[in-house]
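Let's take a friendly walk through a protein model, stopping at a few places along the way. Please keep the sequence and the 3D view open as you read.

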Amino acid sequence: MRILILGGDGYLGWPTAMHFAARGHQVMAVDNYLRRQIALETRSEPLVNTPNLQDRTDIFRAVSGHEIDVRIGDLAEYAFVAEIFEEFQPECVVHYAEQPSAPYSMIGRRQAALTLSNNLTTTFNVIWAVIAHAPNCHIIKLGTMGEYGTPNIDIEEGFIDIEHKGRKDRFLFPRAAGSLYHTTKILDTDILYFYTRLYRLRVTDLMQGPVYGLSTSESIMDPRLAPNFHYDDIFGTVVNRFLVQAVAGIPLTVYGRGGQTRGYLNLNDTLQCVELAARNPVDPGELRVLNQLTETFTVLEIAGKIRHAAKEIGLNVTIDNIPNPRREAEEHYYNPVYTGLLELGLKPTYMTNEVVADLLNRTMEHAENICMDRVMPRVSWR
Ligand code: USQ
């Protein structure tokens, strides 16, 4: 398959590009280094510095023999997007090319405007490039479980049947996000749904929960192939942050009461999910929504798991309930359906004691790089 990975330099994009190339697909990865720029601007550099996308692909070719074609450019520029689709003729496009940080989108107007315009324009350009140059191409879009928020009813997989005044119809599940970043993902879904209905696009929208992990079967071939692992308050997701805090001897930063429940998944399961979506494309005119998570936990449960695994390898970890910088429910109902990917064949990697211990051991290899001043929250939602 010819697979185009947009946002190919990212935490998920780079491992995805290697994953498909290693399985014999023809892969092109595109990025404009926006995340690297924002990370520099906000002093959010990753735990391990990673080579740029061109250098990574050279290293990957040398150690694996697999090729990844690279283009550097801005997907918010339509001429660039159109040129790529016309030249590469993708059968599948995986669209990760968005500003991915909820805290960044809440810093102020400039950061909110960048998130809004970048995320919506890239999605809009991808849609038009598919319509104009590759109408059969299956669009796999990374959405987020945060689109749904934390409703007091079960979260369905994308759609809900509603009976109203004696009549029935099927609608997108109601959405209510907790950050501007998450709201851009809602708007992406709406735009994709509109064009899918009117232009018969083929779209899979993956509602992903927070991802954790530092390695994949391809990245371990050479330390320079590692994913970008962030542990700061802006780009670090909660599990990755707690791993670093445990290793650095910093009390785990549970925001508020810690009853916030989310659906989590291992980085290796993200790769499985995206591959399953790609291998099972939808029909023209269909928007398929899949909830991409393997298990749900409260923040306090995650902190407890990390403390427990850390203790067994000789690390003494404490947990600190610090004031919550975000506006979010700290105790709430949370019961999402996530059977779609399991039905396609997903074999989940659960957050067992062994898995957490392995993650802690891998984090310890980079303990000397941890900057203590990157850990406490700097962005307030209030
Ligand atoms: N949290 C803490 N302590 C911390 C960091 C986070 O208690 O030190 C809490 C947050 O308040 C939140 C939960 O942990 O309740 C998850 O936070 P997160 O930073 O791991 O995740 P989030 O900001 O929601 O965003 C991340 C990714 C984003 C993706 C999203 C999936 O950065 O790209 O879309 O996870 S989801 O959360 O399901 O919407």
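Is Arg202 buried or exposed? A residue counts as buried when 20 or more other C-beta atoms lie within 10 Å of its own. Arg202 has 21 C-beta neighbours inside 10 Å, so it counts as buried. Bear in mind that this is a predicted model. You can find Arg202 in strand β8, which covers residues 202-208. Leaving aside residues up to four places away in sequence, Arg202 touches His138, Ile139, Pro281, Val282, Asp283, Pro284 and Glu286. Look also at Gly285: this residue is 83 residues from Arg202 along the chain, yet their C-alpha atoms are separated by 5.8 Å.

Now let's turn to a helix. The buried ones are Gly13, Trp14, Pro15, Thr16, Ala17, Met18, His19, Phe20 and Ala21. What do they pack against? Their partners are β1 (2-6), β2 (26-31), α3 (53-64), β4 (92-95) and α9 (267-279). After α1 comes Gly24, with a positive phi near 85°.

Helix α8 is another mostly covered helix, with 10 of its 11 residues buried. Among those buried residues are Val238, Asn240, Arg241, Phe242 and Gln245. The buried part of α8 packs against the strands β9 (211-212), β10 and β11 (261-266), and also against the helices α10 (299-312) and α12. Just past the end of α8, Gly249 takes a positive phi of about 80°.

Two packed helices are described by the angle between their axes and the distance between the axes. The table sets out both pairs.

| Helix pair | Angle between axes | Axis distance |
|---|---|---|
| α8 and α12 | roughly 65° | within 9 Å |
| α8 and α10 | about 35° | 10 Å |

Which way do the helices cross? The crossing of α8 and α10 is right-handed, and α8 also passes α12 in a right-handed crossing.

Next, look at the residues that meet. On the α10 side, Val299, Ile302, Ala303, Ile306 and Ala310 face Val238, Val239, Phe242, Leu243 and Ala246 of α8. By class, this contact has 10 nonpolar residues, with no polar and no charged ones. In the α12 contact, Leu243, Val244, Ala246 and Val247 of α8 meet Leu359, Leu360, Thr363 and Met364. Here the count is 7 nonpolar, 1 polar and no charged residues.

Our last stop is the ligand. Which residues come nearest to it? Of the 21 residues around the ligand, they are Thr144, Met145, Gly146, Tyr255 and Gln260. The elements that give two or more residues to this shell are α8 and β10 (252-255). Strand β10 gives the most, with 3 residues. By class, the shell divides into 8 nonpolar, 9 polar and 4 charged residues.

Finally, step back to a wider view. An unreviewed UniProt entry places the feature "domain: NAD-dependent epimerase/dehydratase" at residues 3-284. Over residues 3-284, the chain is 40% helix and 20% strand, and the end C-alpha atoms are 18 Å apart.

How values were computed. Residues are numbered from 1 along each chain as its sequence is written. This is a predicted model: local features need pLDDT of at least 70, side-chain atom pairs count only at pLDDT 80 or more; totals for chains, interfaces and linings use all residues. Axes are lines fitted to C-alpha atoms, for helices over the stretch in contact, and angles run from 0 to 180 degrees between N-to-C directions. Helices (H or I, at least four residues) and strands (E, at least two) are DSSP runs, numbered from the N terminus. A crossing is left-handed if the near helix is turned anticlockwise from the far one by less than a right angle, and right-handed if clockwise. Two residues are in contact if their C-beta atoms, placed from the backbone, lie within 7 Å. Ala, Val, Leu, Ile, Met, Phe, Trp, Tyr, Cys and Pro count as nonpolar, Asp, Glu, Lys and Arg as charged, and the others, Gly among them, as polar. A residue is near a molecule or strand if its C-beta atom, placed from the backbone, lies within 6 Å of it. UniProt positions are given in the numbering used here, feature names are shortened, and annotations may be inferred rather than shown by experiment. A residue is buried if 20 or more other C-beta atoms lie within 10 Å of its own, exposed if 12 or fewer, and partly exposed in between; C-beta atoms are placed from the backbone.
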